[in-house]
Amino acid sequence: MSSTTNFQQHTIDFISEEEFNQRIQKKSKLRIKLGADPTAPDLHLGHAVVLHKLRQFQEMGHHIIFVIGDFTAMIGDPSGRSKVRKPMTSKEIADNAKTYFQQVEKILDMTKTEVRYNSEWLSKIDISELIRIMANFTLSQILARDDFSNRFKANQPIFFHEFLYPFMQAYDSVAIQADVELGGSDQTFNLLLGREMQQFFNQEPQIVITMPLLVGLDGTKKMSKSLNNYIGITENADEIFGKIMSIPDHLISSYYEYVLFYNEEQMDAIQKRLKVENPMELKMELATFVAGKYTSPSDGEKSQERFIKIFRNKDQSNEWQDYPIKEEIEGPLYAVLCQLGITKSNSESKRLIQQGGVTWDDQKITDPFSRVRSSHGTKVKSGKRSFFRLVVS
């Protein structure tokens with residue numbers, strides 16, 4: 001098996017190279033862990049950065065363990081948070097978890113992936129065991145992490161249950177006996193605590209590998225659904241293409257590297273091209289590749305053709321696509337959009353409408369509860385790039 005050389009590219013931290021090389025000499029097949037709390041139904045390109053690294057380990061023959069944090073999601077990861085997360089219901093967690101598999105399989109081979117739920121072990125820890133574990137860690141250790149420290153200095157409340165989160169995530173590594181754990185760079189504290197927890201339970205400490213946080217469409221903050229600067233991996237090709245075209249030029253290079261996972265040789269070629277070519281051309285190529293990656297190559301190419309025709313050549317004569325429906329539907333706009341399949345959920349519909357992204361028969365509607373009727377010939381504009389003419393078939 002390979003040494004660290006094959007795995008260090010695209011990473012922020014690799015703790016530690018020496019331990020990794022020693023471990024891989026003893027075990028040809030390492031246990032690689034990635035945990036994800038189903039706190040939202042959709043994954044975006046920021047999540048995909050870590051998933052691609054996991055795929056690399058999978059292709060090298062290592063054992064991949066994808067831990068669904070159905071128990072820890074009830075607390076919510078405080079990483080990067082300035083205030084406590086809103087508690088989630090068991091139903092919300094279960095519904096979100098179901099969608100994860102359909103999305104993760106766009107990157108991972110799920111037939112070679114072990115899926116575990118951390119409620120399997122965390123729900124069985126009794127209070128005496130929890131006390132025994134926490135007696136070996138100090139409050140100063142927990143307050144050392146930036147999110148807690150910043151909230152403490154700003155006199156913002158920190159609730160006791162939030163302190164439990166890093167311990168629970170760390171215990172996941174003990175439960176599955178992880179050799180390596182992956183995560184975003186904002187997860188460094190939690191992953192390192194996993195090393196300490198394993199040592200407490202007389203296990204070899206896991207190697208920690210962190211990945212960069214992908215900057216979102218605004219060009220400054222990390223990609224996040226709450227900031228509405230994200231690209232969902234289940235969005236249609238036109239939406240993905242259009243969003244990529246909207247990123248600032250300074251993100252082009254990082255998207256080639258972390259979204260398409262280009263290697264050093266490929267990135268050298270991109271850097272040279274950026275010095276002599278119009279950035280717009282590279283961005284269009286990037287958008288085609290990314291849209292094709294998460295839908296199909298032909299869909300990516302068609303999105304490029306439509307973009308050039310509509311936005312570059314200003315030809316909007318044929319932008320409206322016939323959208324077949326079985327029957328006319330009447331009701332609140334948000335519900336009609338979802339029933340027609342134009343949006344994936346009622347919440348997505350409401351968000352899109354409130355943001356001014358929906359036009360119904362040339363009239364922009366911002367009230368999700370406005371009543372409409374989907375008739376033959378009705379024109380529906382959804383977002384910036386989806387133009388539909390309803391056709392009753």
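User: Let's start with helix H15. Which strands does H15 lie across, and at what angle does it run to E9?

Analyst: In this predicted model, helix H15 (residues 333–340) lies across E7, strand E9 (358–360), strand E12 (379–382) and E13. Its direction is at about 90° to E9.

User: In what order do the strands of that sheet come?

Analyst: The order is E7-E13-E12-E9-E10, 5 strands in an open sheet with mixed pairing. Strand E7 (321–325) and strand E10 (363–364) each have a single partner strand, so they stand at the edges and one side of each has no neighbour in the sheet.

User: How many bridges join E7 to E13, and do the two run parallel or antiparallel?

Analyst: E7 and strand E13 (residues 386–392) run parallel and are joined by 5 bridges.

User: Now to the aromatic rings. What describes a pair of them?

Analyst: Searching the whole structure gives 11 aromatic pairs. One of them is Phe-14 with Phe-20, an edge-to-face pair with 5.3 Å centre to centre and 85° between the planes. Another is Phe-160 with Phe-163: their centres are 6.3 Å apart and their planes stand at 65°, so this pair is edge-to-face too.

User: Are Phe-14 and Phe-20 buried or exposed?

Analyst: Phe-14 is buried, at a relative accessible area of 14%, and Phe-20 is buried as well, at 0%. Phe-14 and Phe-20 also belong to one aromatic cluster with Phe-57.

User: And how should I read positions along a helix, for Phe-160 and Phe-163?

Analyst: The general idea is that an α-helix has 3.6 residues a turn, so residues three or four places apart point the same way. Here, Phe-160 and Phe-163 are 3 residues apart in helix H8 (residues 160–176), about one helical turn. Their accessibility is worth checking one by one: Phe-160 counts as exposed, at 71%, whereas Phe-163 counts as buried, at 13%.

User: Which lysines have their charged end over a tyrosine ring?

Analyst: Two cases to look at are Lys-243 over the ring of Tyr-230, with the charged end 4.6 Å from the ring centre, and Lys-350 over the ring of Tyr-334, also at 4.6 Å.

User: How does the length of helix H9 compare with the span expected?

Analyst: H9 (residues 188–200) has 13 residues, and its first and last C-alpha atoms are 19 Å apart, close to the 18 Å expected at 1.5 Å a residue.

User: Which residues of H9 are buried, and what covers them?

Analyst: The buried ones are Thr-188, Asn-190, Leu-191, Leu-193, Gly-194, Arg-195, Met-197 and Gln-198. Their cover includes strand E1 (13–15), helix H1 (17–26), helix H5 (127–134), H8, strand E5 (180–184) and strand E6 (207–211).

Methods:
Residues numbered from 1 in each chain as written. Predicted model: local features only at pLDDT ≥ 70, side-chain atom pairs only at ≥ 80, totals over all residues. Heavy atoms only, no water. Pairing = 2+ DSSP bridges. Helix = DSSP H or I, 4+ residues; strand = E, 2+ residues; numbered from the N terminus. Contact = heavy atoms within 4.5 Å. Axes fitted to C-alpha atoms, helices over the stretch in contact; angles between N-to-C directions. Phe/Tyr/Trp six-rings, centres within 6.5 Å; stacked < 30°, edge-to-face > 60°. Buried < 20%, exposed > 50% of the residue type's maximum accessible area, 1.4 Å probe, protein only. Lys NZ or Arg CZ within 6 Å of the ring centre and 35° of its normal. Expected span 1.5 Å × (residues − 1).
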